[in-house]
Amino acid sequence: MLQLFATYTTLSKLGHTPVVINYKFLKESGGGLKASIRNFILNSLGTKPFSEFSAKYLPNKTKEVTSASAADLNASIDLFLVGSDQVWRYSYVPDIEDFFFSFVDDNHKKISYAASFGLDRLEVPAKDVDRIKALINRFSSVSVREVSGVKICEDLGVNAQLVLDPVFLLDEKDYTDLIKKEGISDVKNERYIAQMLLDVEPSHINFINNLANKVNTKVLNLKGKKYPVLGRITNKLYTIPQWLNFIKNSEITITDSFHCVAFCLIFKKPFICIGNPVRGMARLESLLGLVGLKHLLITEADFHKIDDIPKIDYQAVYQKLNAVRNESFEFLKKSLN
């Protein structure tokens, strides 16, 4: 949602009228009773903060479209932009041809901004590779978020530019203003380690608790408050501005989430990132390698080496980050021209 907010806001600042394609998947990446229970839980507890944020900050949307009706958008949209997080990863995006704009006419401009394959390889069935190659070669300009994505595009016959994730197109002030608009105050007189684990392992929790004891502070779970639902424990999520504010005021954030790391960089906060090979390491390796912080991407084997909050030279980080940020802006402005 914050990627979309950043892209939408940046397009508006550049003088364009962004329209969010309200896309509904017809194919499912997983099914059965388990998926139905999961969807019920997400709708009950997880969706509300997102839908409220979307309605308030992303008001310009199409009516709901599916793969069958998406071609109708050619009549009302001038340029089509796809991006960013793992939009070109087949296991996450089952209607993947639509995310290579199969429904868009040849005479409409098609660009990608910071599109991500998620992995260091193209994850589509072998029988579909030629089709994907044909589709991506219809784009007028292509940018990707990972170094590995540049190579994948090269293999598909396309020159792609490496750019930053959309959340970096906005300044820290844009996000602090968003927090203030919601009337959220800083967390005062309260020290805590912010924990954001997408995949929780007991060893990870032990590592975080041990570090909290060493630095004499408590742990705050950014995934929200836990509740039992249908015999399972789930999380009632914080609002998006609350989530941002917790990162902004943390002593340190420990996470396996790419975007949690991104906002630690934006707010210039200490962090440790636990590598998650199942979700894909390419995006974290690319971002942290770019800013000289790859040593903060650790595995379980490194836990015993860490007994304090790492110091980060953010002046040096931002010298590197701003150079790529400027290149990212230039790519986007030129592509939209």
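Q: Which residues have the most contacts inside the largest nonpolar core?
A: In this predicted model, they are L2, Y175, F263 and F271, within a core of 52 residues. Helix α8 gives the most to this core, with eight residues. A second, separate core of 30 residues includes I77, V124, V142 and A160.

Q: What makes a set of residues a nonpolar core?
A: The members are buried Ala, Val, Leu, Ile, Met, Phe, Trp, Tyr and Cys residues, joined through side-chain atoms within 4.5 Å. In soluble globular proteins, nonpolar side chains tend to be buried together.

Q: Why is H204 called buried?
A: Buried means under 20% relative accessible area, with exposed over 50% and partly exposed in between (1.4 Å probe, protein chains only). The relative accessibility of H204 is 10%, and therefore H204 counts as buried. H204 lies in helix α6 (residues 202-214); helices are DSSP runs of H or I with at least four residues, strands are runs of E with at least two, and both are numbered from the N terminus.

Q: Which residues does H204 touch, not counting those up to four places away in sequence?
A: They are L197, D199, I274, E300 and F303, where contact means heavy atoms within 4.5 Å.

Q: Which residues of helix α9 (residues 282-290) are buried?
A: They are A282, R283, L284, S286, L287 and L288. These buried residues pack against α4, β4, α8, β10 and β11.

Residues are numbered from 1 along each chain as its sequence is written. Local features need pLDDT of at least 70, side-chain atom pairs count only at pLDDT 80 or more, totals for chains, interfaces and linings use all residues, and side-chain values use heavy atoms, with hydrogens and water left out.
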